Amino acid sequence: MDKQIERAGDDNKNNIGVLYGIGVGPGDPELMTLKAINTIKACDIIAIPAVSKEECYAYSIVQAVLPEIEKKQIMCTPFPMIKDKEKLTISHNKIYSDIVCELLAGENVAMLTIGDPSVYSTYMYIHKRVIQAGFTAVMISGVPSFCAAAARLGISLGEMRDEIHIIPASYDVRDTMGYGGTCVYMKSGKKLAELIEKLRTTDGSDTKTDEEAKMTVYGVTNCGMESERVYRGLDELTEAKGYLTIVIVKYS
């Protein structure tokens, strides 16, 4: 058994299980860490953020490098992509309750999440509640999508004194225009057209600053997956589609 799981298990009393939030990286199975693979192997139950294995990006990434995951018990824990707080609470309560039942039964649960669990991950909602309730929860880092996207593009995210801003593009991005340094817009999804329009307005403004005048735009959709697409410039970016689109804007 994985040494980390053994150590975490020692911290629990009465054979209570441990929850692991496992980052599986952005899409390329080869970018999964050994720690993530070994922890998944050692866990009893695999929780996935989807209604089925077939619809889960994280599961398909793991399956490509660890086929034996198919023999594991799968717990489907779909997180609705909505902003209705009441409905979100109901959903999170059920997921939390289901996981706690398994922990109380002494089962170690591996909850998969694309990218890294610390970066805009729905896993954190459950992680915080499990910790507050007195259980043990452990996070296993994964390669963040924006790092993988920068590598795919062959560009740096930050050099010397450059600032790096990580921004959830699904929310209002108007105040982020012209931050300086590098702006990374995560999971643009339905707001991509709006983001492009805002960037185009900034790029063409008569009152733009010297920094804004040197804006360079990149984009990557489904980084590391078979359906990966790379875009350079606003004109190419207009062709982008998909929830997992990373937009990188550099001011130099």
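Predicted model: local features only at pLDDT ≥ 70, side-chain atom pairs only at ≥ 80, totals over all residues.
Q: How many bridges join E2 to E4?
A: Strand E2, residues 45-48, is joined to E4 by three bridges, and the two run parallel. Within this pair, Ile 46 stands opposite Ala 110 in E4.

Q: Moving to H5, which of its residues are buried?
A: Helix H5 spans residues 123-132, and its buried residues are Tyr 123, Ile 126, His 127 and Val 130.

Q: Why do they line one face of the helix?
A: Seen down the axis of H5, the buried residues fall within an arc of 105 degrees, so they line one face. In general, an α-helix has 3.6 residues a turn, so residues three or four places apart point the same way.

Q: What do those buried residues pack against?
A: The buried residues of H5 pack against strand E1 (18-23), helix H4 (85-104), strand E4 (109-113) and strand E5 (136-140). After H5 comes Gly 134, which has a positive phi, near 95 degrees.

Q: New topic: how much space lies in the largest pocket?
A: The largest pocket holds about 1300 Å³ of space. Its lining has 42 residues, and those closest to its centre are Met 81, Tyr 120, Thr 122, Lys 187 and Tyr 243.

Q: Which element gives the most to that lining?
A: H5 gives the most, with three residues. The elements that give two or more residues are helix H3 (57-65), H4 and H5.

Q: Now the loops: where does Thr 77 lie, and is it buried or exposed?
A: Thr 77 lies in the loop between strand E3 (73-76) and H4. Thr 77 is buried, with a relative accessible area of 1%.

Q: What does Thr 77 touch?
A: Leaving out residues up to four places away in sequence, Thr 77 touches Ala 47, Ile 48, Pro 49, Ala 50, Ile 95 and Met 111.

Q: And Gly 115, where is that, and is it buried or exposed?
A: Gly 115 is in the loop between E4 and H5. Gly 115 is buried, with a relative accessible area of 7%.

Q: Which residues does Gly 115 touch?
A: Not counting residues up to four places away in sequence, Gly 115 touches Gly 23, Val 24, Gly 25, Pro 26, Gly 142 and Val 143. Gly 115 and Gly 27 are 88 residues apart in sequence, and their C-alpha atoms are 7.9 Å apart in space.

Q: Let us turn to the sheet with E6. What is the order there?
A: Five strands form this open sheet in the order E6-E7-E10-E8-E9, with mixed pairing. Strand E6 (164-168) and strand E9 (229-232) stand at the edges with a single partner strand each, so one side of each is left without a neighbour in the sheet. Neighbouring strands here are turned by 15 degrees against each other on average, direction ignored.

Q: In which sense do E8 and E10 pair?
A: Strand E8, residues 215-221, and strand E10, residues 245-251, pair in the antiparallel sense over seven bridges. Thr 216 stands opposite Lys 250 in E10.

Q: How many bridges join E6 to E7?
A: Five bridges join E6 to E7, and these strands run parallel. The bridge partner of Pro 168 in E7 is Met 186.

Q: Which residues of E6 are on the covered face?
A: His 165 and Ile 167 are on the covered face, whereas Ile 164, Ile 166 and Pro 168 are on the uncovered one.

Q: Finally, which residues of H6 are buried?
A: The buried residues of H6 are Ser 145, Phe 146, Ala 148, Ala 149, Ala 150 and Leu 153. What covers them includes E6, E7, E8, E9 and E10. H6 is followed by Gly 154, with a positive phi near 75 degrees.

Note on methods: Residues numbered from 1 in each chain as written. Heavy atoms only, no water. Pairing = 2+ DSSP bridges. Helix = DSSP H or I, 4+ residues; strand = E, 2+ residues; numbered from the N terminus. Axes fitted to C-alpha atoms, helices over the stretch in contact; angles between N-to-C directions. Buried < 20%, exposed > 50% of the residue type's maximum accessible area, 1.4 Å probe, protein only. Arc of directions from axis to C-beta. Contact = heavy atoms within 4.5 Å. 1 Å grid on protein atoms, 1.4 Å probe; cavity = no way out; pocket = protein on both sides within 12 Å on 5 of 7 lines; lining within 4 Å. Points joined across faces, edges and corners; volume = space filled by probe spheres on them.
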